[in-house]
Amino acid sequence: MPAAAPTDLHLTRAARRAFPGPATLLADPAHRERSRRYLADLARQDGQELPAGLFDPASGSPGQSYAEMAEALVRGLVSPDEPVDLLVLAFSGHDMLPGRAAATYLSHVCPGNPLAFAVCDQGSAVPFSGLRIAQAYAASGGCRRALLIAVEQAVLPYRTRRPGPARHQGVALLHTATPARPDGSARVTVLRQHPDVAAGDVAALATAELATLSAGWPDARVVLGADLAAAWPAHPTERVTVTPPGQPVTGLWWTLLDQLAAGQERSRPAAGAPRSGPVLAADYDPELRYLCLVGWDATGTPDDGRPDPGR
């Protein structure tokens, strides 16, 4: 019996959105009080107290809910006739409703009632880990569509070593698992995660990896996360886009969508012109010391065409 063709992940559609207001559920006094009490107990274990008035609706800053943010992305991206088999919710810091089983809730609202779970506590590496899980699930033959959602919210109720995100925002990536590339999609070609990379080793390893992944493609484009660019001051600048600071989890992926959209345009050259090179993205978490890289073929995928209030 001939071997089955390998199953690849193809990014078929994507959406991104900023959420300027607080979570709707926090307008309910009972939910607000439960969250305040939970987070106050959590902060107290570290010798901290919640800022006075944080959960006062008049303050306008009670924070966001990942379940609400991700639900909005799901409803705007996935149609009822596109059942999803796997949903991965990727985030780093908790949201303002930490007692809610967000992934379970999202399985209920997403077409197909997919297997859904959350990946967290990996800093900026967490969307890469989510994509890696989706790849493994697709390779097992149990997945036709996989949805990766990366979210972060900006209100942290206690002091942290590093500043929190600048705003509430999320990025959703809908993938199809198939041997053949659907029209208008971008194929995931490589995904690498290096743990325990010291800051002094970042430049050499990133240089070597990007050189290997772009070999033979002089027009390969690269997106660098802000933290990787800071840890690698002498990084190349030609065909390189650096993500603006302030969104450690979603910023790279938000910027990546622009480059993939540009890649889609470049993948339609005049007859006889060479095919456009790959799009590579890389990021580094300076606290957890993960260096992660992902590569896509040149076809690219644009946003879903809906208004983007965060651009």
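Predicted model: local features only at pLDDT ≥ 70, side-chain atom pairs only at ≥ 80, totals over all residues.
Residues are numbered from 1 along each chain as its sequence is written, and side-chain values use heavy atoms, with hydrogens and water left out.

I took strands (E, at least two residues) and helices (H or I, at least four) as DSSP runs, numbered from the N terminus. I called two strands paired if DSSP finds at least two bridges between them.

I then checked S2, residues 86-90, and found five of its five residues buried (under 20% relative accessible area, with a 1.4 Å probe and protein chains only). From S2, Leu86, Val88 and Ala90 point one way, and Leu87 and Leu89 point the other way.

I followed S2 to S4, residues 145-152, where five bridges join the two strands in parallel and Leu89 stands opposite Ile149. Seven of the eight residues of S4 are buried.

I looked next at S3, residues 115-119, which pairs with S2 in the parallel sense over five bridges, with Leu115 as the bridge partner of Leu86. S2, H3 (residues 102-109) and S3 make a right-handed β-α-β unit; right-handed means that, with the strands pointing away from the viewer, the path from the first strand over the helix to the second runs clockwise.

I ended at S5, residues 169-178, which is joined to S4 by eight bridges and runs antiparallel to S4; there Val171 is the bridge partner of Ala150.

Conventions. Buried < 20%, exposed > 50% of the residue type's maximum accessible area, 1.4 Å probe, protein only.
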